Amino acid sequence: MSASVAVYRDIYTEDRFKQTYGSEEDPSGGARIRDKLTGRCRFSRQACLHLLKERIPIFKWLPRYKLRKWILGDTIAGLTVGILHIPQGMAFALLTSVAPIFGLYTSFFPVVLYMIFGTGHHVSTGTFAVVSLMTGSVVEQLVPTPLEMNSSSPEAAGFEAERIGVAAAVALLSGIFMICMFALHLGFLSTYLSEPIVKAFISAAAFHVTISQLQSMLGLRLPRHTGNFSFFKTLVSVMENLPHTNTAELIISLISLAVLVPVKEINVRFRQRLRSPIPVEILTVIIATCVVYASSLDSIYNIEIVGDIPAGFPRPQLPAINTFPAIAGDTLAITFVGYALSVSLAMIYADKHGYSIQPNQELLAHGISNAVSAFFTCFPSSATLATTNILESAGGRTQLCGLFTSLVVLVVLLLIGPLFYFLPKAVLACINVTSLRQMLLQFQDLPELWRISKIDFMVWIVTWTSVVVLNVDLGLAIGVVFSMMTIICRTQRVACSVLGRASNTEIYRPLENHNKCYEVPGVKILTYNGPIYYGNRSFFREQMSQLLGLTPEKIRRREKARKALEKQESETVISTVERGIANTSFSSVSDFFNSEASENDLKAVLIDCSSVIFIDIAGARLFTQMCTECQKMGVSVYLANCNENVLKIMTSSDLMSHMNPQHIFVTVHDAVAYIQQQKEKPSEDTSTVWV
């Protein structure tokens, strides 16, 4: 079924449209600022309650909690995630280069705090492999692992205290950074970590985690390498020490992998049929602990075990704040990574379940979680990929899941923790490696990424290669810089197109893609699909000059001819009046000027600014310069579809002294209709357009 539309209306310039439909402006703007300030500073009971609910969301969602409908799903999901937190917390503590008990603390305190301050209904916080790996690199730089140390000696206790002091200092400083970012409303900074960067970074970091766990799986006592090329240094060190592999720990690792990998694959493939995933990690931990205890493998085969896990809560203590200057740079990277991953996860599940999160409030939630937890010997935490996925698939509906998760961890801290004394560290290393399945499978997205956007594909490859080859922090920075450079390059090399009109319509499209459209006689309609600023002004000028034929030689020749014509015309008038004699030289100059004009019958240039999202002072001055050059060529310049900010900068940069303000139109068709009517009736002021 076809349909048609006909419109008969006035031709609108920007000034005329604003006079007819624009709103009144406050010249000073003081009233608007004053109203905003008084609105923000107004103190009332209702305003205080609103602020309280915004900053402490539990007061907002808990009164609306549907007990009968949601409690069962939240309970099952919370308990399931809590059971998973126990082995993962201890395993990721090894990545952080601290004792496993601190991983349990980090699986408890941040969970409770995020439940109070967080806005993500399906977000599970706690220990995360990537954040733990980055924190572990900082710890190893400041407190390197000694090759020989008796775990039961007094020196070992002081060594562990020093290490957790550094890790807690990273958590405290990270929390301070996040709270400062919240106060400055800098939540948008996470958007600089695009999806290809995040996925490539996670995948590459997973390789670092896997390589770092090989020594524990093989029973090798090797120092942990940090800095650039640490991936290859660790791999070479492991290969050189393969003859010293502890056979008993290798067998434990192989058996653990043989159990963990298939069962986790079953959990993934049959997640829709399983009410809750099989807790294979905690079962593996329990069985391995019992076997080592019953057979005394630790003393017979020198298997490295977890050791003493004290029961009860940790005593609050001040982190090693004296290390702040040394850890500031690395902590800033950890902050950005942790926040970006957390917000990305929260947004994914918020979109899936039809609710919204507040990115800036997430800064406050994770900032408070890290800052407060640091005083209870916790290392940095964030939202976790695996447990968030399990929480959602197990039927979790609200943040109340965190209550049941923390209760499970609390029971372990108070009662069960010491029973894991004989747990082999090789089992925890296997849990670390198998938890990276989703991260390692990010390569599956590459074919689709190549098909959709080759630039994003290159961003993925550069980020992944940089993180693997160099280091986690430096690789991430290179990925971000490269991504920003691709954006800059794309804005610098935007093509300028000539628009043609579709017959009997007001539709204008690029001629290179629409060969049935036609150019309006005497009018060159150009469009530029990008910003015009100091970085691309030269390219923009080159494109425009090429399309309009504005070469310096041609401009000088036409300007010289025009001045000669004006001079001869003046002299001819005098000669005709005083002597009655015609000037034959005037005829030759006029013929030359007319022949030049006949070579190019261009009378007007119309620039469609609909895709020019912003312009700076350099771009505005370029417009002024081009307007002057076109006038020298006898060509009028018109603008259309300018947004308010672009138009404001242009008018403020003295463009209107070189251009008629009535040559700026609301649409391209308004400008074309005006130009055509001026050609047909130059002496009349017609002001209607028929579409």
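Residues are numbered from 1 along each chain as its sequence is written, and side-chain values use heavy atoms, with hydrogens and water left out. Because the model is predicted, local features need pLDDT of at least 70 and side-chain atom pairs count only at pLDDT 80 or more, while totals for chains, interfaces and linings use all residues.

On the surface, Ile266, Phe270, Ile278, Leu283, Ile287 and Val291 form a nonpolar patch with about 490 Å² of accessible area together (Shrake-Rupley method, 1.4 Å probe, only the protein chains shown counting as cover; patch residues have over 30% relative accessible area and no salt bridge, a Lys or Arg side-chain nitrogen within 4 Å of an Asp or Glu carboxyl oxygen, and nonpolar side chains are joined within 5 Å, like charges within 9 Å). Helix 13, residues 280–295, gives the largest share of this patch, three residues (helices are DSSP runs of H or I, at least four residues, and strands are runs of E, at least two, numbered from the N terminus). Leucine 283 lies in helix 13 and, at 42% relative accessibility, counts as partly exposed (buried is under 20%, exposed over 50%, partly exposed in between).

Strand 4, residues 496–501, is largely enclosed by the rest of the structure, because six of its six residues are buried. Its pairings (at least two DSSP bridges between two strands) are listed here.

| Partner of strand 4 | Sense | Bridges |
|---|---|---|
| Strand 6 (residues 523–528) | antiparallel | four bridges |
| Strand 5 (residues 508–510) | antiparallel | three bridges |

Cysteine 496 stands opposite tyrosine 528 in strand 6, whereas arginine 501 has tyrosine 508 of strand 5 as its bridge partner.

Definitions and conventions: Buried < 20%, exposed > 50% of the residue type's maximum accessible area, 1.4 Å probe, protein only.
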